[in-house]
Amino acid sequence: MTTVIICRRFPGGVRRAVAFSATTKCGAKKKIPHGKQKEAESPEVSDTGAKAVASTRLLSPLKYRALYNPSAYTGTKTASHRNATRNCEDGEGPLENEFSSISTKQVQNTYGITCSQSLPSTKNTLLDLEFHKTVSTEASSVQADALEPTEDIWLDTDVEDFDPRIESRMFQKHRPEYRSLSYDKSETLQVLPVEEGNWILHKVTWVGHRLIPGTIVESFCKLSRLPVEQQPMVRSSAMFIKLCHYGVENIQLFNTSELIDILKAFVRLAIPPNYSMLDVYETEFCRQMWHMSLDQVLLVADLWHCLKRRVPCYLSILFSYVNLHWENLTLPQLVQLIYIIGEGQNMPQDLMQKLETLVWRYLDSFNLEEIGTVCLGFLKSNSIFPEYVMRKIGDKVSAQIVDMSTFALVNVLKMFRHTRVSHLEFLKQLGKIIPPQIGTINISGVMHITLTCSALHYLDEGIMNAVASSLPSRVMYCRSKDIAKFLWSFGILNYEPPNAERFYSSLIEEMQRRMREFKKYPEHFLTCLLALAFAGHFPADLIDYALSAEFIKKTRKSKFDLRKGLFCLDSSVEIECPDYKGNRLPLQFQEEVNFTKKEIYIRQEMVEALSLLEEMLGGPQYVKHHMILPHTRTDDVEVHLGTDQKPLPFNLEATTAAKGERQNIGVILTSNLMNKLLKGKSSGKSLVDNKTQIETCSQKEAVEQKQVPTTGNHSAFSYKAPLTNTILNLTKSKTAPKNHLSQLRPQPGVVKLAIQVSLIDDYCYASKQLLGLHSLKRRQLEKLGYVVVELPYWEWIPLLTQTRPKKLSYLYQKVYSAF
């Protein structure tokens, strides 16, 4: 045993030196295997019979000033300290550290409490180390934040300076029932004089182990009422650390109400969330939960959240508890539970389905703030409401939207965005109240409003103009994520505001200033450039970096697949920026992400159009269904016409495939057989035309086959297959791949048609304005010399139920009126 003599001068007027003796055991601490029972994990520690031998010596009073100096402890780290913050995610009870080693019997204190800077012993108390480490870490993190800007920085202004955690708890102010379910941070308590706080701390030293549980609880509660500026001194005080240790020793002697009072005191004292003492309290609350009321269970969960501490063990048991009583949840209990689930970001999907039933039951009784809280809680737990629930939420909110807070409104908008439910009346009301309030909404809220409009494909010019006029003067408050979402929203909706030049120039300049941040988030950077491409803006310096080897390497490390986005950007630059001289994607990269026919989903309306076009024009060799621009990820029907408006055969793959089928089947396609096949499906004139075209095509094929040169000996092949043009083309494509856009340039004497069968999702909601991607596609097709022929959904879909002659007549008019 070793003996340490500590001389301490207490603050608050105490002048005489007080000597403490502490004994520490030098033996190695026995490690307990993980997963054993509590009795095995909590060996009793006792110093009964140990006698301290004190030797007195003179100490210089100048070296032992009782001042708070966290730097004195930052260099000391023990094995127990390194393990102090382990999480009990396995739910097996206390951890293997000093505080978790608590048995059903009281454990006597064996830790020496010192404030001496001249004793750097590794046997200092874990409590002491935890406090000083936390304070030191807080100080260093402030310095680090000042040097290294992060994505979530908010500047100090009236609009932007807000705490979302406070906003998310506003629903608790609207019903008195929440007082028993949640902790009210705004509650004002009578401030305790500093002198009385010092007296309480000194009393802890004098009484020591004789402190009874009631006195410990009272001491915590009184100390938590000290002025806020005194809290750091209290937390770092050795006497407070001793009080914490006595609380841990008596943990199983506290009843539920006393434990809750201690936890409230910890919240007011701002105890650090990684303080290992809290592991013991979480374990004790888990043990007592089945004897607690539901109000107490929810209150404790809220207190843990106020401490900013993740408690997966406690929440896991809480969900099991609620699963047994979910049908009896009152409205406030339901909302508070959903709030806790959202803040904990846990995903008990079976429970969420039950809670969805209760939400539907109480929906008429919810106030507006509670609706916002319920939407946010479900979103954070990766759950969404079905459409019928969203319709009812839209009906309720539309009638009272003027009285709704911005925070609650944004949460409802997020849910509409994720469910993709368009409630027209709600959106109309949104367009009335948002434009005048844009200047009073923080930039993150403005971003979510704009993003929701784009996700629902809903273009409200009033909202978009208000956002565009407000953004240039506030762009410095945007994160990289915000800039990307703003540009994406305007790009998707294909909307150019009145101040488009200033709007886009301010965002592009901010992108250039934030390049260091964008390099950390390559997905945001690529989103910005794609959105700018939709709008027809191509900043050369930013594109040059995006297509560089450095950025491509960053995208490969991203959790998102950004290859297709890079392919789209590179192809768009090739078509629309002929003077661009910067970086380009390697050809191998383009081939790697290029799309094939297998990725085309053939819709029924497209199948019908393709079949009728083949019949009208004379066969599959005159029509090709494919992705003309693969980087847009959409399919079209390509048709070639001569200057005399006659169709030109160009789809040799279809011709070869048809010929192969004829050879495999062994049936000769004669005129008589064609008459039988087409009988009753067309008039005599068209039948003659079809016969003439087929014969002409067959003659061309015969001529082509005669012109194929013989190369070498056919017997060189094992199956004696003739070396045809098809095989030569396949070999050439493998050995010398070409850019997919090089074959799309206009040819003299040929009019290329790109026939598009549009969908309702290609347009803004309830309008005929194309979305950004489809507008970009048509713009680029025209630059490549194509004539775009659209079969709009409002014309073509109703025709699908009409007769075949009507559909053929419609297609004939569309194709031949394109000149």
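Helices here are DSSP runs of H or I with at least four residues, strands are DSSP runs of E with at least two, and both are numbered from the N terminus. Hi everyone, and thanks for coming.

First, some housekeeping. This is a predicted model, so to speak of a local feature we need pLDDT of at least 70, and side-chain atom pairs count only at pLDDT 80 or more, while totals for chains, interfaces and linings use all residues. Residues are numbered from 1 along each chain as its sequence is written, and side-chain values use heavy atoms, with hydrogens and water left out.

Now the overview. The protein chain has 36 helices and six strands. Of its 819 residues, 49% are buried, where buried means under 20% relative accessible area, exposed means over 50%, and partly exposed is in between, using a 1.4 Å probe and protein chains only. Contact means heavy atoms within 4.5 Å. Among contacts between residues at least 6 apart in sequence, 77% join residues at least 24 apart.

Four strands form an open sheet in the order 3-4-5-6, with mixed pairing; two strands pair if DSSP finds at least two bridges between them. Which strands stand at the edges? They are strand 3 (623–626) and strand 6 (786–791), and each has a single partner strand, so one side of each is left without a neighbour in the sheet. On average, neighbouring strands are turned by 25° against each other, direction ignored. Axes are lines fitted to C-alpha atoms, for helices over the stretch in contact, and angles run from 0 to 180 degrees between N-to-C directions.

Inside the sheet, strand 4 (residues 636–642) and strand 5 (residues 750–757) run antiparallel and are joined by six bridges. H640 stands opposite K752 in strand 5.

Helix 29 (residues 604–617) lies across strand 3, strand 4, strand 5 and strand 6, at about 160° to strand 3. Helix 34 (residues 772–783) lies across strand 4, strand 5 and strand 6, at about 145° to strand 6.

Found in helix 36 (residues 804–816), V815 counts as buried at 2% relative accessibility. Not counting residues up to four places away in sequence, V815 touches L613, M616, L641, L753 and I755. V815 and V788 are 27 residues apart in sequence and 9.8 Å apart in space, C-alpha to C-alpha.

On to the cores. A nonpolar core is a set of buried Ala, Val, Leu, Ile, Met, Phe, Trp, Tyr and Cys residues joined through side-chain atoms within 4.5 Å. How many residues does the largest one have? It has 170, and those with the most contacts inside it are Y314 and L355. Apart from it lies another core, of 22 residues, among them L617, Y622, I755 and V757.

Next, the rings. Rings of Phe, Tyr and Trp (its six-membered ring) pair if their centres lie within 6.5 Å; planes under 30 degrees apart count as stacked, over 60 as edge-to-face and the rest as tilted. By this rule there are 23 aromatic pairs. F220 and F266 form an edge-to-face pair, 5.3 Å centre to centre with 85° between the planes. F220 lies in helix 6 (residues 213–223) and F266 in helix 9 (residues 256–268), so the pair ties together parts that are 46 residues apart in sequence. F220 is buried at 0% relative accessibility, and F266 is buried at 0% as well. Ring pairs also link F220, F240, F266 and Y281 into a cluster.

In general, most residues other than glycine have a negative phi. H457, however, has a positive phi near 60°; H457 lies in the loop between helix 19 (443–455) and helix 20 (461–470) and is buried at 19%. N494 has a positive phi near 55°, lies in the loop between helix 21 and helix 22, and is partly exposed at 26% relative accessibility.

Finally, back to E343. Its side chain is joined to that of K380 by a polar contact of 3.0 Å. A polar contact is a pair of N or O atoms within 3.5 Å; within protein, one must be able to donate a hydrogen and the other to accept it, and residues adjacent in sequence count only if both atoms are side-chain atoms. Leaving aside neighbours within four places in sequence, E343 is in contact with S168, H305 and K380. Happy to chat!
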